[in-house]
Number of protein chains: 2
Amino acid sequence: MKSPNQNVKIDGIDKKILRFLMEDARKPVLEIARSIGISGAAIHQRLRKLEASGLLVGSKFVINPKVMGYTTMAYIGIYLDKAMSNPRAVKQLEKIPEVLECHYTTGNWSILIKILCMDNEHLMHVLNKEIQQIEGVSRTETFISLAQQIDRQITI
Amino acid sequence: MKSPNQNVKIDGIDKKILRFLMEDARKPVLEIARSIGISGAAIHQRLRKLEASGLLVGSKFVINPKVMGYTTMAYIGIYLDKAMSNPRAVKQLEKIPEVLECHYTTGNWSILIKILCMDNEHLMHVLNKEIQQIEGVSRTETFISLAQQIDRQITI
DNA sequence: GCTGAAACCACTTGCTC
DNA sequence: GAGCAAGTGGTTTCAGC
């Protein structure tokens, strides 16, 4: 893998391969090969090229957190003191495993995070005992996600 | 895959397997087998059980949207008219491919979405010509993500 | 719940066009 | 530059314990 290239050329075959594998990373390459009409080796060659271009970043197993008891998802907008730099706050947020995403945003807040907790009590604990304790965090606004109704990657 | 079970028992071996595969879904099962000290067939058996329990939902190839020119990510809070039901709005949002996530949230908005666009012009177009045109959408608030600094799944 | 063998598949290499 | 065929080693199934 090199540094990402902003000028990657993707043809229709690449798109078909990626569409299959974005749905199921362990789908047999030979199945894809048969459905497209080229050899498995050719698919491999293309995948290596896509990885080298930086388009293909990797693959992940997806687990359902509800089955492990994580049923409370929330977004939290964080206000930082002027003196607190964003990277220092992010470093602290990284240490909290319940924090799944962290964005440096325009608008009201300095930071918008997504967190996943077991229940409301757990959420309250993370909020009061972890996030609010970070130096420079002045105020937070919490939005609980009652249901996640869409979750996908971009369409290629 | 059956209906998700809230009482799944996961032992240390399952956790090790999942931790490997959540990082790289195509990691050779035999490598994992050797590092844990059981046979590849045993790993496979455990994976099938984890899938049947609903914990393991699937696997995905991860692509880097920046390489395809998608550089502008934003969160949008959407206010719905009282008369507009959430499911009907979600149905419309599903048709907009730039919408990657959609949450039914407590707090100010009815809906919070994450969208990914090529640039600010593209974002403006999706906002004005797609989202604002949905029946029942009264007002929106946009927060552009200048940088996504954390992106991960829950730790098991 | 695990193992080992057999069948199938992934991935590499060397070649052809 | 892109494809194929064959070879090595990994994946997956299944009988057996």
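How many salt bridges does the rule find across the interface of chain A and chain B? It finds two, a salt bridge being a side-chain nitrogen of Lys or Arg within 4 Å of a carboxyl oxygen of Asp or Glu.

This is a predicted model, in which local features need pLDDT of at least 70 and side-chain atom pairs count only at pLDDT 80 or more, while totals for chains, interfaces and linings use all residues. Residues are numbered from 1 along each chain as its sequence is written, chains are lettered from A in the order in which they are written, and side-chain values use heavy atoms, without hydrogens and water.

Begin with both chains. Chain A is superposed on chain B by a rotation of 180° with 0.0 Å of shift along its axis (RMSD 0.1 Å), by least squares on the C-alpha atoms of residues with pLDDT of at least 70 in both. The two copies are thus related as by a two-fold rotation axis. Next, select K60(A), whose C-alpha lies 2.7 Å from that axis, the closest approach of any residue of chain A.

Now display the interface. Chain A contributes 67 residues to the contact and chain B 67 residues, contact meaning heavy atoms within 4.5 Å.

Then select E101(A) and K114(B), which form a salt bridge with their closest N and O atoms 3.2 Å apart. On the side of chain A that touches chain B, β5(A) gives the most, with nine residues; strands are DSSP runs (E, at least two residues), numbered from the N terminus.

Finally, select β3(A) and β5(B) (residues 137-151), which pair in the antiparallel sense over five bridges; pairing requires at least two DSSP bridges. There, E101(A) stands opposite D151(B).

Key: Helices (H or I, at least four residues) and strands (E, at least two) are DSSP runs, numbered from the N terminus.
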